[in-house]
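I opened my notebook to get to know a new structure. Here is what I looked up, one entry at a time.

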Amino acid sequence: MTHPQSPQTGELIETFRYSKWPLVLMYALAGVFFLAAAFVLVLERQVQVDDYKIILQASALPLVCGLAVLGLTVWQGTLRKARYEVYERGITEIVGRKRTYIAFAEMQDLYLFGTGKMGAAGFLTDVAYRLAPTTAFHWANQHLGRHLEFMQLVCQLHVRERLPVMITALSSNSVVTFNYVSSAQVWKKRILGKYLDVTTQPILLSRSHIEVGGRRIPAATLAQVDINQWSERITIKDASGAVALSTIASGIFSLDLFLETLAWILREENRA
């Protein structure tokens, strides 16, 4: 099978797919339940049973279990429809015959978050990305084959391709925008789900200052900050020492790019 590529996409690096075997096994399990329900009904015609309620109850239990497994299988199938082609300069999501390509250099939001038991324990398991806040997310969940490799590759290529765009904009005295969600939202999503139903706030970066929550912090104030110390939580204080931003690191979209961009700003400030 050939993969469409061009100078705009670069070479195809890897294709990632969801395994279909869990769905096959779940369909088989649903079939077993349905056969069990049918067997009980057939048995009723061959054996004299005075209380038909017992037969109905005996057949209803595997029937309900079969329907439950079937519904779960259909739901899981909707989460496993896509496959992803990762190119040097972008990523293509493929659902059926629909192909959606987004260049890493144009991808504004790359959101890493955790779902399920692993997410509740604080681990990052899923990747969602979008062109801009006005567009829908493309979500690759933890069931994607080699999902950790996928996450690492997409993050690396996103930084490599988009960081020059950030630097060019900053060098021309423009402002670049990153989005983040509060720590409360991050924890709420881990518990309640609806992971992509988030309300974001902007972080504005320029060569001279950082603006967040209506507060403007001069870059010189952060010149001595070791951003390598930031891991679980990122905290930015203004000149008076008051906290302007304090959030779980994974709440910042395009976190690796944000840190690399901020590091460039601080290096330029230290050279001045």
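**Entry 1: one arginine**

I began with Arg17, which is partly exposed because its relative accessible area is 46% (buried means under 20%, exposed over 50%, and partly exposed in between, with a 1.4 Å probe and protein chains only). A note on the source: this is a predicted model, with local features needing pLDDT of at least 70, side-chain atom pairs counting only at pLDDT 80 or more, and totals for chains, interfaces and linings using all residues. Residues are numbered from 1 along each chain as its sequence is written, and side-chain values use heavy atoms, leaving out hydrogens and water.

Which residues does Arg17 touch, leaving aside its neighbours within four places in sequence? I found Arg83, Leu144 and Gly145 in contact with Arg17, where contact means heavy atoms within 4.5 Å. I also looked up His143: 126 residues separate His143 from Arg17 in sequence, and their C-alpha atoms are 9.1 Å apart.

**Entry 2: the sheet**

Arg17 sits in strand 1. Helices (H or I, at least four residues) and strands (E, at least two) are DSSP runs, numbered from the N terminus. I saw 4 strands forming an open sheet in the order 1-2-3-4, with antiparallel pairing; two strands pair if DSSP finds at least two bridges between them. Its edge strands, each pairing on one side only, are strand 1 (12–17) and strand 4 (98–103). From one strand to the next, the twist averages 15°.

I then checked how strand 1 meets strand 2 (residues 83–87): 5 bridges join the two, which run antiparallel.

What lies across strand 1, strand 2 and strand 3 (90–95)? I found helix 4 (residues 147–171) there, running at about 145° to strand 1. Axes are lines fitted to C-alpha atoms, for helices over the stretch in contact, with angles from 0 to 180 degrees between N-to-C directions.

I checked the length of helix 4 too: at 1.5 Å a residue its 25 residues should span 36 Å, and the end C-alpha atoms are 36 Å apart, which agrees. The expected span is 1.5 Å times one less than the number of residues. Helix 4 has a kink of about 35° at Arg162, shortly before Pro164. After helix 4 comes Asn173, with a positive phi near 65°.

**Entry 3: the whole chain**

Of its 272 residues, 43% are buried.

Notes
Bend = angle between axes of the 7 residues up to and from the residue.
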